[in-house]
Amino acid sequence: MALGSCISLLAPSSGAVMLLGRGLEGAAFAALAVAGPTLATANAAERHRGLVIGLVATWIPCGQVIATLVGPLALRTTGWQGLWWLGLLLAGLLALWVMAAMRFGPRGTTRRPEIEQSFSPWSRPQWLALLLTAGTFMLWSGQYLAYMTWLPLYFVEVQGLDVDSALMGYLIPVVLVGVFNLVTGYLLQRGWRVQRLLFAAVAIQAAVWWLLPVTGGGLPGLASLVVYGITAGVAPTCLWALSPHLVAGSAQTARAFGLAMTGRNLGVLGGPLLLALAVEVSGGWLAASLLFSVVTSLALVFSALLLLMVPRVEAGRRAAD
């Protein structure tokens with residue numbers, strides 16, 4: 001990741017150089033997004049796994065908060081280069097932490113007894129449940145990133161806010177996401193059913209999308225932001241939790257996280273672009289809200305199927321044991 005940032009800084013005016021640098025950062029991100037949750041869950045006691053998953057899920061809102069607070073400050077002082085230097089600093093700190101963990105920390109997924117287990121085939125219900133999880137993650141991430149990417153612009157263009165006020169409004173759902181990542185982790189630790197929490201969260205988010213033409217601004221708009229932020233904290237925590245729940249052992253969890261992250265990254269790629277295209281083609285925000293109402297409703301269908309598949313996987317694992 002540091003190498004990608006350095007390459008981008010060498011020739012920021014070159015599209016090819018920037019594409020190479022950002023491509024390396026993207027590849028590093030893909031590896032970290034699977035390795036981090038895998039190590040976290042591998043080294044967590046069973047009774048603490050729900051809370052650990054909640055902590056893992058907070059990396060999304062934490063990054064959004066840092067970018068929102070630091071971005072405008074950097075642009076007013078050091079310029080955009082300051083953001084790259086901050087990225088280099090954070091990458092260096094992460095590298096030092098990983099080196100310390102490799103030397104002094106628990107071995108996690110490097111334990112040899114896990115190797116043979118990683119190649120054991122998944123059952124058909126496991127495959128179907130994991131594919132449904134990845135599909136839900138794709139659709140959910142697409143609508144979430146579309147919502148959050150263009151929310152400040154919506155505040156400025158439609159609600160008439162200035163840029164600083166729009167950024168503060170943007171932080172309301174982001175902070176709630178982080179808080180309810182942790183709350184959901186606690187609920188999972190207390191034994192709440194992950195697939196039921198996921199279904200409820202996605203159902204409410206679909207309702208928020210369908211009601212956007214009605215809620216608008218003012219108190220209804222603020223209530224919409226709050227409800228969306230709360231449920232957007234519940235859903236990803238549940239999606240992260242499903243991967244280790246559906247398989248056995250840290251090595252298989254890594255494979256399951258990889259499948260889930262593929263779905264998530266496809267949503268991250270397509271969601272913001274699709275919303276921008278819908279706004280441009282239609283000339284307004286209504287068509288985009290209706291489009292993502294459908295997308296989120298489709299995610300609700302996938303999560304409803306998980307209500308049926310997760311108990312089947314659990315029954316199959318109990319029978320195998």
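Leaving aside its neighbours within four places in sequence, which residues is Ser289 in contact with? The answer is Trp209, Leu212 and Pro213, where contact means heavy atoms within 4.5 Å. Ser289 itself lies in helix α12; here helices (H or I, at least four residues) and strands (E, at least two) are DSSP runs, numbered from the N terminus. At 7% relative accessibility, Ser289 counts as buried. On this scale, buried means under 20% relative accessible area, exposed over 50%, and partly exposed in between, using a 1.4 Å probe and protein chains only.

Before going further, a word on what you are looking at. This is a predicted model, in which local features need pLDDT of at least 70 and side-chain atom pairs count only at pLDDT 80 or more, while totals for chains, interfaces and linings use all residues. Residues are numbered from 1 along each chain as its sequence is written, and side-chain values use heavy atoms, with hydrogens and water left out.

How confident is the prediction? The pLDDT is the predictor's confidence in each residue, from 0 to 100. For the protein chain the mean is 87, and 94% of the residues reach 70 or more. Where pLDDT is low, the predicted coordinates should not be read in detail.

Now let us turn to the aromatic rings. A pair of aromatic rings is described by the distance of the centres and the angle of the planes. Rings of Phe, Tyr and Trp (its six-membered ring) pair if their centres lie within 6.5 Å; planes under 30 degrees apart count as stacked, over 60 as edge-to-face and the rest as tilted. A search of the whole structure finds 12 such pairs. One of them joins Trp140 and Tyr144, which are stacked with 4.9 Å from centre to centre and 10° between the planes. Both lie in helix α7 (residues 124-157), 4 residues apart, about one turn of the helix. An α-helix has 3.6 residues a turn, so residues three or four places apart point the same way. Trp140 is buried, with a relative accessible area of 2%, and Tyr144 is buried with a value of 2%.

Another pair is made by Tyr147 and Trp209, whose ring centres are 5.5 Å apart with planes at 85°, so this pair is edge-to-face. Tyr147 lies in helix α7 and Trp209 in helix α9, so the pair ties together parts that are 62 residues apart in sequence. Tyr147 and Trp209 are both buried.

Next come the charged pairs. A salt bridge is a side-chain nitrogen of Lys or Arg within 4 Å of a carboxyl oxygen of Asp or Glu, and the count comes to 3. Glu25 and Arg22 form one of them, their closest N and O atoms being 2.9 Å apart. These two residues are 3 residues apart in helix α2 (residues 15-42), about one helical turn. Glu25 is buried at 13% relative accessible area, whereas Arg22 is partly exposed at 44%.

Glu314 and Arg193 also meet in a salt bridge, 2.7 Å from N to O. This pair links distant parts of the chain, with Glu314 in helix α12 (residues 286-320) and Arg193 in the loop between α8 (163-189) and α9 (194-215), 121 residues apart. Glu314 is buried at 13%, while Arg193 is partly exposed at 31%.

Finally, visit Ile53 in helix α3 (residues 49-57). Ile53 counts as buried at 2% relative accessibility. Not counting residues up to four places away in sequence, Ile53 touches Thr41, Thr237, Trp240, Ala241, Pro244 and Phe257. The C-alpha atoms of Ile53 and Leu242 are separated by 9.8 Å, although these residues are 189 residues apart along the chain.
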